[in-house]
Amino acid sequence: MKENIEHLHERTKHFQSLIAYMSEHGKKYYLEKDWFDTPTLISIEDAKKEVELAKKKLKLLSRRSVMGCILQLLRRLYHK
């Protein structure tokens, strides 16, 4: 789960910097290559959606983490 959180933070940071770059230079699209060198055309709206999606996933992961800790504590108390 820690890897997921770190990945989502990096993803958010990446797309936020992309939004800033595109806004600063008046660009509507940005051409990005992924691991397999497949070009992907990204608009500012697409980048904003990615940021929002990553933030939602982070929020869900943190809620699961808190609930998991509470459940673990309850199990420990129950088994004593």
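Met67 is found in helix H2, which spans residues 44-79, where helices (H or I, at least four residues) and strands (E, at least two) are DSSP runs numbered from the N terminus. This is a predicted model, in which local features need pLDDT of at least 70 and side-chain atom pairs count only at pLDDT 80 or more, while totals for chains, interfaces and linings use all residues. Residues are numbered from 1 along each chain as its sequence is written, and side-chain values use heavy atoms, with hydrogens and water left out.

- Met67 is partly exposed because its relative accessible area is 49%, the category lying between buried (under 20%) and exposed (over 50%), with a 1.4 Å probe and protein chains only.
- Between the C-alpha atoms of Met67 and Lys27, which are 40 residues apart along the chain, the separation is 42 Å.

**Thr12**
- Thr12 has its place in helix H1, residues 2-24, and it counts as buried because its relative accessibility is 8%.
- When neighbours within four places in sequence are left aside, Thr12 is in contact (heavy atoms within 4.5 Å) with Val51, Ala54, Lys55 and Leu58.

**Lys27**
- Lys27 lies in the loop between H1 and strand S1 (29-33), and at 38% relative accessibility this residue counts as partly exposed.
- Again leaving aside neighbours within four places in sequence, the contacts of Lys27 are Tyr21, Met22 and Ile44.
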